Amino acid sequence: MTLSAEPQVRDYVVALDRTLVGPPRAKADLLEEVAGHLEDAVEAYEGAGYASPDAARLALEDFGAVPEVAPAFQSTLAIAASRRTAWTLLAGLGLQPFLWDGGLDLADSSHAQAPDGWLYAVLDQAIETGGGLLLLGAVLALLLTGVGHRWLNADRAVARATAWFTIGAATFVPLTAVSMTAMTGGRAGLWLLLAVLLLGPMSAAAQSARRTLAAC
C-alpha cells in the first residue's frame, strides 16, 4: 500500500486499513484505490485555490468518515474472501470423482471388500449424491460471488452463506469418506491418499471459510 504524502489522507487510509478485514491482496488494492481517489480530490481542490490542509480536509469530508464508508468496503472484501473460498471448495470437490469413481479407482478397491450392512449402503449413496450436489453448490457460490456481486449486488449475506456451506461440505465429505474407508478395512496406502487428496483440500476449504466469516 502506497501512502499519500498528505498527512490527513495518510492517516485516513491507515485508519481504514486497521478497520477492514479481508484477503491481503484485495485489501491492498482497495486501499490503493481509496488513496488514489483522495489524492485526485485533493489536487482538484488545490487547483481551485485551496491550501493543501484545507484541500485534504474537504476531500475527506466529501469521501466520508471511516465509520461511514467502512461497511461498504467490508462487504467488498467479504465477497472477495468468499469467492476465494468457493474456488478452494470447488478445487477440493473436483478431486473426489477421481478419488472414488475413476483415475485412482479407489471406489472399486473399496467396494471389493464392502460390507453388506445398510449403513455402508447409505454412506455410499450419500457420498455419491451428496458429492454431486455439493459440487453444484460450489459452482453456484462461485457464480454468486463473481457475476452475482457485479450484477446482483451480492453482499455479506452471500459471503456468510458461502462460508457456512463450505464448512458443511468440508465436514460431510471427509466424515463420510473416512467412515466408508474404515468400514472396508482400508490399507495404509489408501489412508495416505485420502489424507492428501481429501482431508488436505477440505481442511484448506474450511480454513478459507473461517477467514471469510471473519471478514463478514
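Does R211 count as buried or exposed, and what is its relative accessibility? R211 counts as exposed, because its relative accessibility is 52% and the cut-off for that class is over 50%. The structure is a predicted model. Its protein has 216 residues, and 40% of them count as buried. The secondary structure consists of ten helices and zero strands.

**Overall make-up**
- Read from the N terminus, the order of elements is α-α-α-α-α-α-α-α-α-α.
- Among contacts with a separation of 6 or more, 76% are between residues 24 or more positions apart.
- The protein has an accessible surface of about 11300 Å².
- Carbon and sulfur atoms hold 62% of that accessible surface.

**Positive patch**
- On the surface, a patch of positive charge is formed by R25, R84, R210 and R211.
- One of these residues, R211, belongs to helix α10, which covers residues 188-215.

**Negative patch**
- A patch of negative charge also lies on the surface, where D29, E32, E33, E39, D40, E43 and E46 gather.
- E39, one of its members, sits in helix α2, which spans residues 24-47.
- E39 counts as partly exposed because its relative accessibility is 30%, and that class lies between the limits of 20% and 50%.

**T166 and its contacts**
- T166 is part of helix α9, made up of residues 156-183.
- The relative accessible area of T166 is 0%, so T166 is buried.
- With neighbours within four places in sequence left aside, T166 is in contact with T85, L89, A205, A206 and A209.

- A206 counts as buried because its relative accessibility is 12%, and buried means under 20%.
- Not counting residues up to four places away in sequence, A206 touches T166 and A170.
- A206 and T166 are 40 residues apart along the chain, and their C-alpha atoms are separated by 6.4 Å.

**Points to keep in view**
- The positive patch includes R210 and R211, while the negative patch includes E39 and D40.

Methods: Residues are numbered from 1 along each chain as its sequence is written. This is a predicted model: local features need pLDDT of at least 70, side-chain atom pairs count only at pLDDT 80 or more; totals for chains, interfaces and linings use all residues. Side-chain values use heavy atoms; hydrogens and water are left out. Helices (H or I, at least four residues) and strands (E, at least two) are DSSP runs, numbered from the N terminus. Buried means under 20% relative accessible area, exposed over 50%, partly exposed in between (1.4 Å probe, protein chains only). Contact means heavy atoms within 4.5 Å. Accessible areas come from the Shrake-Rupley method with a 1.4 Å probe; for residues, only the protein chains shown count as cover. Patches are made of residues with over 30% relative accessible area and no salt bridge: like charges are joined within 9 Å, nonpolar side chains (Val, Leu, Ile, Met, Phe, Trp, Tyr) within 5 Å. A salt bridge is a side-chain nitrogen of Lys or Arg within 4 Å of a carboxyl oxygen of Asp or Glu. Lys and Arg count as positive and Asp and Glu as negative; His and the chain ends are not counted. The place of a charge is taken as NZ of Lys, CZ of Arg, CG of Asp or CD of Glu.
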